[in-house]
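Subject: A structure to look at

Dear colleague,

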Amino acid sequence: MGLLSSLFGGNKKDESSEQEKQEKKNFEILKYDGIRARNIRQLPYAIKCFEEATAIKEDVETMELLAASYLQTGKTDDARTVYNRLAEIAPENTKVLLSLAGVCFIQEDYPAMKEACEKAISIDDKNKAAFYLAAKAEKGEKNYIQAIVMLTKAIAIDEDFKDAYQLRAEVLWEMRQAKEAIEDLDSILSKESDDEDALVLKGEICAATGNLEEGISYLNKVLSMNPFNEKAYIMKGTALLGNKEFDQAIAVYDEAIELSPENAKLYQERGRAKLLKGDKDGSVEDLKKAIELNPESENLINGNYNNFSQENKVGIY
């Protein structure tokens, strides 16, 4: 029988089996070399290992590692390609779908993001993250009512879902529903009184709705806890500008820049305050510094500066 097997193809089966074993071995070596490289932050080598491993076998875990490594190195399009393929080979995997939604969010592809979330919800309608990400997509498209619906569903699943309360408050404030937004923020602060994001937004809302002193107090609380909170400085400066307290606003940005002298956004905001005060030369100097620190922001900064004089006529808020 051994002779007959060798004559009629037995060796071919053995060769095929040996090839499969070698491919499996190569796959395992590449995968775990990639994991080790990723663990020590050798990302280019890790990506090469994962690419070669997935060329041998489309293993879900390895493809997820490859996509995550792409994201860590700023290769968003490559990560999207991998997640799209993963969604094809593992269509019932909600983790994959939500990862795809996250990449779509980075790319600001909100329709594709919603589609991925809807698929995840159809698989698991108790997945709070799916509703939360769906809300972010709706917010990105300025579908505020639908965003609130999604966030309310997420909160119904988990009444302690802090991120959902925060995002719903942000959406409500964009709709200028101050009372309802503050109710959501108070839900967060009743459990975590030092939550910086909630305090900053509450400070912004209070200042914008005529309670300047109260709003400033919330922002000062954040800055006492974290003097490097950029948003708190910007909201405090904006609040003072809204009350036409130009010198005080500039002083706020002076303090912030002293702590973070390489922050282009702070120079941009101080330049805005100086322009509204009437100090055009000082404003231009800050504009130049902001562009020097972040050349990519030049178009945005110029657009914002062109609108500053109009803001001064109608008010900051």
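How many helices and how many strands does the secondary structure of the protein chain come to? The count is 18 helices and 0 strands, and please keep in mind while reading that this is a predicted model. The protein chain has 317 residues, of which 44% count as buried, and its accessible surface comes to about 17,300 Å², with 48% of that belonging to carbon and sulfur atoms. If you take the contacts between residues at least 6 apart in sequence, 47% of them join residues at least 24 apart.

For a residue inside the chain, you could turn to Val171, which lies in helix H10, covering residues 162-174. Val171 counts as buried because its relative accessibility is 0%, and buried means under 20%. Leaving aside residues up to four places away in sequence, Val171 touches Lys139, Tyr144, Ala147, Ile148 and Leu151. Val171 and Ile145 are 26 residues apart in sequence, while their C-alpha atoms are 8.7 Å apart in space.

For the surface, there is a negative patch formed by Glu51, Glu52, Asp77 and Asp78, to which helix H3 (43-56) and helix H5 (76-89) each supply at least two residues.

Best wishes

Methods: Residues numbered from 1 in each chain as written. Predicted model: local features only at pLDDT ≥ 70, side-chain atom pairs only at ≥ 80, totals over all residues. Heavy atoms only, no water. Helix = DSSP H or I, 4+ residues; strand = E, 2+ residues; numbered from the N terminus. Buried < 20%, exposed > 50% of the residue type's maximum accessible area, 1.4 Å probe, protein only. Contact = heavy atoms within 4.5 Å. Patch = residues over 30% accessible without salt bridge, like charges linked within 9 Å, V, L, I, M, F, W, Y side chains within 5 Å. Areas by Shrake-Rupley, 256 points an atom, 1.4 Å probe, with all protein chains shown as cover. Salt bridge = Lys/Arg side-chain N within 4 Å of Asp/Glu carboxyl O. Lys, Arg positive; Asp, Glu negative; His and termini not counted. Charge placed at Lys NZ, Arg CZ, Asp CG, Glu CD.
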